[in-house]
Amino acid sequence: MKTINLTRLSLLFCFSLQIACPGDSNNATPIDAGTSDDEGDDPIDDDEPPMVTEDQELVITYEQMPVAPELGNADDLFTFQLVLRANGEFETLHRSVHSSVNHVIGVFNNINNTTAEYTYDTFNALDNSQIKFVPIEDGYISAAVTDLYDEAFKWRAIDGEEVSIEDGGFASFELPFELTGSEAGLGFFNISDDGFVWLSETAPTEALSLSDLDDIENTIIFAGFAQDYKPNALSEIRYELFTRSIEEDCAGVRDGFAFLDDCLVCVEGTSGVRANTSKDCKGRCNGEAAVNECGNCYDVNETPAPEDVDLGCGCGLGEPKTVYADTDGDGLGAGAAESFCPQEIPTGYVENNDDIEPDCATNDTAECGACGQLACDGVCGSGAYVDECGDCLAAGEVSTCSGVDLVVDAWDLAQAMSIQYMFVDPNTCLVAERCVSGTGDRKLLRFSTSIANIGSEDLMLGRPENGNPLWEYDQCHEHFHFEAYADYRLTDNVGEQVRDLGHKNGFSVQDLDDYDLSDRPCSRRYSDANQGISSGCVDIYNSALECQWIDVTSLPNGQYTLEVNTNPQGVIPETNLANNPAKVTFVINGDEVYVSSFENVGRREQEDTRTVSDLPNHLQLQEFQCDDNMDNDGDNLVDCEDPNCRLADGCFETSCTDGVSNDQDDLVDCEDPDCAFDDACYESLGNETCENPPVIDLSGNGTQEITLDMRVSINGMCGGGRHLFYQFVAPADGQLSLRDLETDDLYFRIDRNGCNSANSACDGWERDSADFSVNVGQSYILVIGDHRFQARQATDRFSIEFTPDQNLATGDICEDAIPLSFSSNDLSQPIEVEASTIGRLNTSTCDPDASGPDTWYSFLAPGDGTVTIQGVSDNFDTYLTVYENDCDILNNLVCRDEDDQDVITLPVSHSRRYFVVADGFGGESGQIQLRLQYSE
């Protein structure tokens, strides 16, 4: 993917503090008090004394930050502010933070070990909400501003310095004022890419991660909406210093942040009005142009184009069409005429009625007889073919053509599809470049475009500059574009275009990755300065980039096909233009998009077997309507027959106590499997709480699959809306692997300190899959969360697998204990063995912190009597442990003997099994001479 720098690389400047500026964004840099009054700053008068620091505040804004894709909400764009005042107060303002995952809002003071968190009732922080954190003697208190004060939402529309932070990075600056109280001496503020700011004594050398929030000393963390963010071209992080003024802003608020926008309307601050909303959809202040019911912008007296209105089948979709069944897939129809609106036409129907051979895909009957095929050489069935250069070659003849050959990869196109909403300002370049069909809130279909050169020669575009005929200077963006790079086309079920907006101008055409051609490795010759695509390389524009979308505002639900075509005008000489387009057929249903097929995937896919079933789960077509008597997803299951509809109204037993079969399956109340987890029919498994949850036995080999009971207690704090609990003991040092087997929506966490910490920590969660390191003998609580869980959802499944850090050998664990036996001829004959613990695991549960590598032995008592056990070593302190029963329920009898002499005298019962663990004290390892003596 392209690496997009958020900012001007030379972002660090020196201002009125007159301290030398370092050149690195990870070094500390002073910040200016501001000189402009346009955004609420005070003008600076060098003849007047400086303002007191208590009147200053530092504002940091995160604009359109996408969350990490693995969290499942990569299309949510987060916009919020952090405000830190010199008096220690802290505010976080949430303009738009539509989250579906756990979040962190609060102050974490690791100087005095205090925490103040604010938790919303839902996972989504409310739009235009503001939380204030006020310092008190022993920490902070927090509340919504509207609860503490009679204040309106005060968004600061700042125009300060833009901060350059890549994923996982940070930027560090000198704090422009002194803080008092416990914060005194923290002279640096450090901006994380993940939505929090931390104060420190000195400039840090590395980033602070979310998992570190509780572990860093002499630090205060201010978290506005801490997530794992992935900065991209849409993102922006800025900071600015404000000094409070006695003057009123345009809203009449002293020390306010409202200002006059382009239309001289008082906006932002406490006004409740966003900037430039007085403009009409054509960008004119108080203009009369308006967006019609189909989302298109027209003046009052302007007549809308036919494609911009509803003619009976939906906006821009025209009138009902007459179609015919294409039974053999050759694009020709036959049989009786049928009428459908374009978005409702079933797959396999076309507008013509021209098929003379409804059961043959060739239609060469006149030349070659029934179902015969005429080859390019004019001979029926000869096998001749057209090569990449368009030449007709005989069967078996190898092509020698060479040149550039561009393809669009349909897999990359399909796997990144999503629906996203964006507010489009009238002044943006998006309108001029026809990337959107209107202003205001727009609904966009986003996707990634990968354009590869599978030809034998390089595509050479050269340096973007005047005089190069392939490049055009874009006045709006103020840089050169390769305008003929790719076009987008959205069509309905019969191939009629429903959206003609959208194209990809190549502003940076270069070698970004190898296209995996065995005969053409990527040489990586081209970059920003000298642009092109080498043979075997691919240029990638990810879905987060500007104009990587089709505007689908007001487009009705239904099935469509997206076609992305590179070099659409053929301005680049190629050996083959026919393979340039990639097509993805998909279904839009509200805010969801489902892919049903994709084609023309380029040569990288010739050895690849990926299909729709390999796409992420949220893109796989589902039965999206459960009462239309139609098979929406092509699995031959209709409505309630389809598992996708198991929770839909009419398919689910909505009441389990009314004596009625609500879903018409003739099963009533608790007889219906839908009611298995209803309160009236439910039998608890005991894992709704952390106290004494079910035990998972990890002593066996292989992977276990566990079915989850969905009726669980609500815990909206962390990891999703609902939790389940299990417990386990690690049989050895090793790795625990957890995988979601059904919904791709589970969260996993293990708590190492029992129930006291099971609900207290908000970090440590992993989505869909998780791998944890565990230590032998340690007891853990496994917590599983899922924000989708509803009481009526029956089951989910996950797998759990334990892998020891070393390969197990005989005697490493209890289940593989080395058997010992007394002589049947002479029970008084002792058992003597050489017990080596070198290279063994540490698996004893007696005192795992004191012991080291150990070896397990077992014996059956030959009678009721006494067994004396002795362990001797010449070079280290030995340590013996004895258990009874079996490996599932070990009963610890002794850890060493009471006189500290490694001699244990143990009463035994006839035929009862005992385990002896030869160990070393303090983690030592070596050879132990083990001796067992039985006496009656």
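A salt bridge is taken here as a side-chain nitrogen of Lys or Arg within 4 Å of a carboxyl oxygen of Asp or Glu. The legends below describe close-up views of a predicted model.

**Figure 1. Salt bridge between Arg85 and Glu91.** The closest N and O atoms of Arg85 and Glu91 are 3.0 Å apart, so the pair meets the 4 Å limit for a salt bridge. Arg85 is buried, because its relative accessible area of 3% falls under the 20% limit. Glu91 is likewise classed as buried, with a relative accessible area of 0%. Both residues belong to a network of salt bridges that also links Glu57, Glu89, Lys132 and Arg156. Across the model, 21 salt bridges are counted.

**Figure 2. Salt bridge between Asp551 and Arg442.** The side chains of Asp551 and Arg442 meet in a salt bridge, with an N to O distance of 3.1 Å. This pair links distant parts of the chain, since Asp551 lies in strand S35 (residues 549-551) and Arg442 in strand S25 (residues 440-446), 109 residues apart. Asp551 is buried, having a relative accessible area of 0%.

**Figure 3. Salt bridge between Arg524 and Asp513.** In this view, Arg524 forms a salt bridge with Asp513, and the closest N and O atoms are 3.6 Å apart. Arg524 is partly exposed, with a relative accessibility of 46%. Asp513 is partly exposed as well, with a relative accessible area of 33%.

Figure 4. Val538 lies in strand S34, which spans residues 537-541. Val538 counts as buried, because its relative accessibility is 1%. Beyond its neighbours within four places in sequence, Val538 is in contact with Ser450, Ile451, Ala452, Gln510, Asp511, Leu512, Asp513, Asp514, Tyr515 and Ile533. Asp513, the salt-bridge partner of Arg524, has its C-alpha atom 5.4 Å from that of Val538, although the two residues are 25 positions apart along the chain.

**Figure 5. Asp812 in the loop between S46 and S47.** Asp812 is located in the loop that runs between S46 and S47. Despite this loop position, Asp812 is buried, with a relative accessibility of 1%. Apart from neighbours within four places in sequence, the residues in contact with Asp812 are Asn807, Arg840, Leu841, Thr843, Asp854 and Trp856.

**Figure 6. Patch of negative charge on the surface.** Asp697, Glu815, Asp816, Asp886 and Asp888 gather in a surface patch of negative charge. Asp816 occupies the loop between strand S46 (795-804) and strand S47 (818-820). Asp816 is partly exposed, with a relative accessible area of 35%, and therefore passes the requirement of over 30% for patch residues.

**Figure 7. Overview of the protein chain.** The protein chain contains four helices and 55 strands. Of its 936 residues, 51% count as buried. Among contacts with a separation of 6 or more, 63% come from residues 24 or more positions apart. The chain exposes about 42000 Å², of which carbon and sulfur atoms supply 45%.

Methods:
Residues numbered from 1 in each chain as written. Predicted model: local features only at pLDDT ≥ 70, side-chain atom pairs only at ≥ 80, totals over all residues. Heavy atoms only, no water. Patch = residues over 30% accessible without salt bridge, like charges linked within 9 Å, V, L, I, M, F, W, Y side chains within 5 Å. Areas by Shrake-Rupley, 256 points an atom, 1.4 Å probe, with all protein chains shown as cover. Lys, Arg positive; Asp, Glu negative; His and termini not counted. Charge placed at Lys NZ, Arg CZ, Asp CG, Glu CD. Helix = DSSP H or I, 4+ residues; strand = E, 2+ residues; numbered from the N terminus. Buried < 20%, exposed > 50% of the residue type's maximum accessible area, 1.4 Å probe, protein only. Contact = heavy atoms within 4.5 Å.
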